[in-house]
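Dear colleague,

Please find the structure below, handed over for your records.

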2 protein chains.
Amino acid sequence: MRPKLTDVAEKAGCSPTTVSRVINNYGYISQKTKDRVYAAMRELNYQPNTLARSLQGKQTKMIGVIVPSITNPFFAELVAKIEEQLSDDGYKMILCNAEQDSIKERQYLRMLEANQVDGIIAGSHNLDIEDYRRFGLPIVSFDRDLASSVPIVGSDNYQGGCLASQALVDAGCKHIYFIGNPNKTGNPTFYRFEGYADTMAKANLTVHTARSAFYESPSAKAAALKELLASERKIDGVFCSDDMTAILLLRVAKNLGIKVPEELKVVGFDGTQLIQNYEPDLATIVQPIGDLAGMLVKLLYERIADPSKPLAQNSYLLPVKLLKNQTI
Amino acid sequence: MRPKLTDVAEKAGCSPTTVSRVINNYGYISQKTKDRVYAAMRELNYQPNTLARSLQGKQTKMIGVIVPSITNPFFAELVAKIEEQLSDDGYKMILCNAEQDSIKERQYLRMLEANQVDGIIAGSHNLDIEDYRRFGLPIVSFDRDLASSVPIVGSDNYQGGCLASQALVDAGCKHIYFIGNPNKTGNPTFYRFEGYADTMAKANLTVHTARSAFYESPSAKAAALKELLASERKIDGVFCSDDMTAILLLRVAKNLGIKVPEELKVVGFDGTQLIQNYEPDLATIVQPIGDLAGMLVKLLYERIADPSKPLAQNSYLLPVKLLKNQTI
DNA sequence: TGATCTCTGTCAATCGTTTGACAGAAAAAT
DNA sequence: ATTTTTCTGTCAAACGATTGACAGAGATCA
């Protein structure tokens, strides 16, 4: 049986109230009593029951983190950074993998509410804004405008789109494609596309788009890319909205005998450690994953500390960097 | 304010006890009353407070999952599968990223205990067996012998080592290296090495090992691999204990102008979807990630249902498959 | 000496449920 | 008409803590 507060009190020769006061640092307690209580706690290997504490009104110290897919290296690294921060601060993370499933995401939201989490970091984007607006708990959103009461943290996707496209222009490309799925407004990809489109306009180049949805299978994507490269032989530059697609493109190009970067230049987006370590040739836009995680967590803490406090800023766009590499 | 049990009772025109009985399906309740209660619950958007329920003695429906690194694609995919299962069964997952830190891992264990999780899936291996033995909660372990009371689920690493090595032998390799870190017994890598060593013995070939620790940085690893390939020009086959190292090796070989598979054949280990999708040339040993996750979860449920029930089996080794590809 | 401050303790209410004991009513079976 | 079964309800204790009110002790200060 796990020891409880009264066991500690008995061992320390004092009342349960005193033990609770030592734990919560509440009221007047002499150092001597404190020491005795701590000793008893150690001896019994006592830990307060967090359930009981939370029921009493204390925080649960639990944070829900909803991501679209943990197997996506970008989100894996983001989650790892978030978890590191949270655990340093004594928080627990309930991880929710929402995939492309809005029903599942809604269930997660209900579940997190029922579990009295202190707050939520929402990185998945399947639900209507309505679902989030009527949600009572502190939320911060990653990369997506949810509601006016919810602060957004994300990379400056527009800037990234400009940087990547400009790099291709500067490298002399004349037929530059954008590969991604910018159909939904408010999507990060949409802003990357806008950066691309504006840069094309400035350089007097035509906009070319090849749709590639996030949830398509890699082999389907690869087939589509092959089709594209084979039929449109004039392509000399591609800005991929994510690195994984860029890798597929590099592979397809190699198989078709297209030389990178001589005949085709490629820039990706995300710049995870995984990519930097295992695909070091790929030029890409690096998102500041650690900073993003830090900002998400920091803002969430602020919301938790005072949910009614008006937001200083609704949106926090962190700068990205171009990583110049062999594919450009 | 969130509605509580008594609010539902009031709305449904019955006592709190009755509402609780409807929720818990306990005692005699007429269909008419049930319907009234359900209607009231829906109308108020009521959800039982899980904290209060758990405090009362119900399960928390929370599972702790401890992994060494969520950014490792293998663990990312394993965690995704585990989470999928758990969430289908109404469980929540607290994710713990232990890195190489035994102090952190011990803290996690304490934290999970304090949070009354129903059970733990332990995939990290920094702690002494002692720490786990005196742990009161149901545990299952991934790939590591923790204590006699803890069932182990893992791939048949020995078989994998044999398969990979035999494939290299069959392909005509004469100087086959093992790259990995088999120093600790009980490590998965150790059994992969044993499979390799036994296969070498059977084929009358010499064992060659190049240490490569899990936690070394990829660039350090790459440098070591370059050194190895440059100095030992006779190497014609390598069995890498994980795919990520294999990828580095392929890259290093390419840079040195060593042709794969003509001059050097490579087999990896893990066979994640990521590798199969984005490095489809790599021959590797595929671990059945979905089955591993399913088995871990199933065994944990059994432990939770009856912790005192003796284990039918201490160890569950799932078969692996050789994925023959261009690098062999 | 009296007033103030510090320490320790008891008591009871509270958080939101669950559940056993018990009672009474209606419905069904004998 | 009587017994049994089914339904609904009240009451109270419990889960393991927190915390305000209150009281009394000893120490310190004026």
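**Findings**

In chain A, the end C-alpha atoms of residues 3–57 lie 22 Å apart, and this span is 67% helix and 0% strand (DSSP runs, with helices being H or I of at least four residues and strands E of at least two, numbered from the N terminus). The UniProt annotation "domain: HTH lacI-type", from an unreviewed entry, covers these residues of chain A; such annotations may be inferred rather than shown by experiment.

This is a predicted model, in which local features need pLDDT of at least 70 and side-chain atom pairs count only at pLDDT 80 or more, whereas totals for chains, interfaces and linings use all residues. Residues are numbered from 1 along each chain as its sequence is written, chains are lettered from A in the order in which they are written, and side-chain values use heavy atoms, without hydrogens and water.

An open sheet of mixed pairing in chain A has 6 strands in the order S7-S6-S8-S9-S10-S12 (two strands pair if DSSP finds at least two bridges between them). Strands S7 (208–211) and S12 (321–323) stand at its edges with a single partner strand each, so one side of each lacks a neighbour in the sheet.

As to the interface, 48 residues of chain A are in contact with 49 residues of chain B (heavy atoms within 4.5 Å). Between the two chains there are 6 salt bridges (a side-chain nitrogen of Lys or Arg within 4 Å of a carboxyl oxygen of Asp or Glu). One salt bridge joins the side chains of B:Arg251 and A:Glu279, at 3.8 Å from N to O. H5(A) gives the most to the side of chain A that touches chain B, with 8 residues.
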